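Subject: Structure handover

Hi,

Here is the structure I promised to pass on. My notes on it follow below.

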Amino acid sequence: MPKWLKDAVFYEIYPQSFYDTNGDGIGDFNGIIEKLDYIKSLGCNALWINPCFDSPFHDAGYDVRDYKKVAPRYGTNSDLYRLFGEAHRKGIHVLLDLVPGHTSEEHPWFLESQKAEKNEYSNRYIWTNAAFQPAKGFLYIGGETERDGVYVLNFFKCQPALNYGFLNPEEDWQLPMDHPDCIATREAMKDVMRFWLDHGCDGFRVDMAASLVKNDDEKKSGTSAVWKNVREMLDAEYPEAAMISEWNEPELAINQGGFHMDFYLNWSGNGYSTLLRDYEMGEDRSFFKKDGSGDIRRFLDEYLPRYEATRENGYYCLITCNHDTKRPKYNLDDSELKIAYAFLFTMPGVPFLYYGDEIGMRYLELKTKEGGYGRTGSRTPMQWTNEKNAGFSTCPADALYLPVDTTEGAPSVAAQEADENSLLSTVKDLLRLRHEEEDLQADGDFEVVYAESGMLPFVYRRGSLLLALNPSTERVSAPVAAADAEKKVFYAIGNGEVKGQEILLAPQSFVVLK
Ligand code: GLC
Ligand code: CA
């Protein structure tokens with residue numbers, strides 16, 4: 001387990017939209033380098049950068065055309081190597097995004113694979129034996145290739161699935177996992193990883209990590225075996241490299257697959273979604289809404305067993321948002337976000353802050369861009385100042401990668417840096433607290449003290465610290481043990497105190513007691 005993860009706080013950067021230094025309307029590596037001090041000032045000491053590799057961009061770069069070459073729109077490979085170096089000098093680790101399940105349909109491997117003559121890459125993707133033989137049970141494409149067969153997709157039409165084999169092959173075109181050509185796919189992906197790790201990258205966020213082996217069983221034993229094998233390579237050759245999976249099944253991803261971390265993703269109706277985004281059924285009952293109609297048990301009942309089952313082996317990680325998810329500002333105002341972030345940044349595991357959430361950037365209703373569809377509105381340019389294009393780029397407004405939020409009340413870094421009560425200032429305070437108090441970090445103990453269905457506050461313990469939060473506009477209280485009665489507040493948003501055998505919290509408050 002890389003030791004640096006214990007006190008890591010990640011900042012997710014969608015490179016298109018972070019900072020443009022050459023005026024072409026799109027973010028670049030030099031822009032990230034220029035803003036490293038800003039990232040550091042937040043209290044973030046690690047980055048995850050969305051795919052920045054050569055791509056036709058039919059899925060915003062998740063359709064990789066060359067795993068070892070960056071997309072020219074962001075700069076050159078040397079610029080990225082320089083970014084690794086500059087980040088390291090400031091104590092910041094950098095994860096790239098590994099897309100192992102599929103490539104772009106323009107990847108040279110695929111161009112070879114679709115040829116009629118058999119070659120080294122014929123089995124790099126999953127093909128049936130004839131153009132009129134369907135790949136039953138899969139998304140597939142036929143009729144576009146020289147080769148007489150159809151090929152299996154992993155996501156969009158532009159993303160043919162790489163072939164890691166089938167757990168239990170059922171048809172003659174399905175290769176077993178131990179077929180040399182399936183092993184070759186896995187080894188090719190390790191080669192990509194070594195390439196970036198050797199150039200200074202610190203690990204990977206892994207896209208659709210559960211998708212590799214087809215016809216896998218419920219326990220994903222095929223896909224987990226591939227990842228275990230990758231972990232063995234990392235342990236032997238790059239023991240400080242970190243891996244986080246887009247999987248949201250920590251018992252599988254961490255305990256079986258050997259990932260160091262797994263994301264708790266926003267899946268409709270799951271525990272995490274009840275915290276910030278419980279509005280899909282109409283009425284919004286998110287726990288962090290100030291009307292207090294939420295229920296922390298809906299989160300805890302799912303989270304706790306997963307946390308307990310995996311805490312010895314890795315970290316189940318909470319996020320403010322990501323590039324696939326509606327920004328939390330969509331339904332929560334800054335006063336609600338402060339309490340929500342207080343929670344997210346004081347829980348176990350490694351927290352992830354999505355760029356712009358620290359100032360409460362809004363979700364915009366936009367036309368789709370590069371396969372974004374409903375996700376596009378969470379991918380708009382970072383709002384740095386109140387100058388032209390919010391300080392993101394000097395290009396003409398109509399040349400921007402995506403429109404900047406310039407509507408009334410749009411937040412900016414400059415405005416919030418000047419305001420000690422801003423959301424940005426609160427984020428900095430919370431992250432400073434997390435770095436100062438070891439008990440608040442990734443593997444500090446966590447215990448629920450008071451969490452009754454439909455009731456407030458929520459009280460929890462991290463090591464020797466007692467924490468309590470009240471997202472609602474009512475005053476609330478809860479009993480505390482005699483041993484906690486002497487504890488004093490040393491960090492607060494709003495107000496709270498222990499009086500006798502009770503903890504009392506003012507509206508929209510969060511307290512940490514020692
Ligand atoms: C993951 C990415 C998403 C992408 C998809 C296909 O879910 O987060 O943005 O479209 O995989 O690669
Ligand atoms: Ca640029």
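A pocket, as used here, is an open set of grid points with protein on both sides within 12 Å along at least five of seven lines. Please keep in mind that this is a predicted model.

**Pockets**

The largest pocket has a volume of about 710 Å³. Its lining is made up of 37 residues. Nearest the centre of this pocket are Glu246, Leu265, Asn266, Trp267 and Asp324. By type, the lining splits into 14 charged, 12 polar and 11 nonpolar residues.

The second largest pocket holds about 200 Å³ of space. Here 16 residues form the lining. Ser122, Asn123, Trp127, Asn129 and Arg147 lie nearest the centre of this second pocket. Its lining counts 6 nonpolar, 5 polar and 5 charged residues.

**Cores**

In soluble globular proteins, nonpolar side chains tend to be buried together. In this model, the largest nonpolar core has 158 residues. Phe10, Tyr11, Phe343 and Phe510 have the most contacts inside this core. Helix α10, residues 334-344, gives the most to the core, with 7 residues. A second, separate core has 7 residues, including Ile126, Ala135, Ala161 and Trp173.

Asp97 lies in strand β5, residues 93-98. Is Asp97 buried or exposed? Its relative accessible area is 1%, so Asp97 is buried. Residues up to four places away in sequence aside, Asp97 touches Trp48, Ile49, Asn50, Pro51, Phe53, Tyr62, Arg205 and Asp207.

Asp54 sits in strand β3, residues 53-54. With a relative accessible area of 12%, Asp54 falls under the 20% limit and therefore counts as buried. Beyond four places in sequence, Asp54 is in contact with Asp63, Val64, Arg65, Asp66, Lys69, Val70, Ala71 and Pro72.

**Two loop residues**

Leu162 is in the loop between β7 (151-152) and α5 (180-198). Its relative accessibility is 0%, so Leu162 is buried. Arg124 is 38 residues away along the chain, and the two C-alpha atoms are separated by 5.9 Å. Leu162 touches Arg124, Tyr125 and Ile126, among others. Its contacts also include Tyr67, Trp109, Thr185 and Met189, as well as the run Pro100, Gly101, His102 and Thr103. Ile126 belongs to the second core.

Glu280 is in the loop between α8 (273-276) and α9 (297-310). Is Glu280 buried or exposed? Its relative accessible area is 55%; the cut-off for exposed is over 50%, so Glu280 is exposed. The side chain of Glu280 still makes a polar contact with the side chain of Ser268, at 2.7 Å. Lys499 is 219 residues from Glu280 along the chain, with 40 Å between their C-alpha atoms.

Best wishes

Notes: Residues numbered from 1 in each chain as written. Chains lettered and ligands numbered in written order. Predicted model: local features only at pLDDT ≥ 70, side-chain atom pairs only at ≥ 80, totals over all residues. Heavy atoms only, no water. Helix = DSSP H or I, 4+ residues; strand = E, 2+ residues; numbered from the N terminus. Buried < 20%, exposed > 50% of the residue type's maximum accessible area, 1.4 Å probe, protein only. Contact = heavy atoms within 4.5 Å. 1 Å grid on protein atoms, 1.4 Å probe; cavity = no way out; pocket = protein on both sides within 12 Å on 5 of 7 lines; lining within 4 Å. Points joined across faces, edges and corners; volume = space filled by probe spheres on them. Nonpolar A, V, L, I, M, F, W, Y, C, P; charged D, E, K, R; others polar. Core = buried A, V, L, I, M, F, W, Y, C linked by side-chain atoms within 4.5 Å. Polar contact = N/O pair within 3.5 Å; in protein donor to acceptor, adjacent residues only side chain to side chain.
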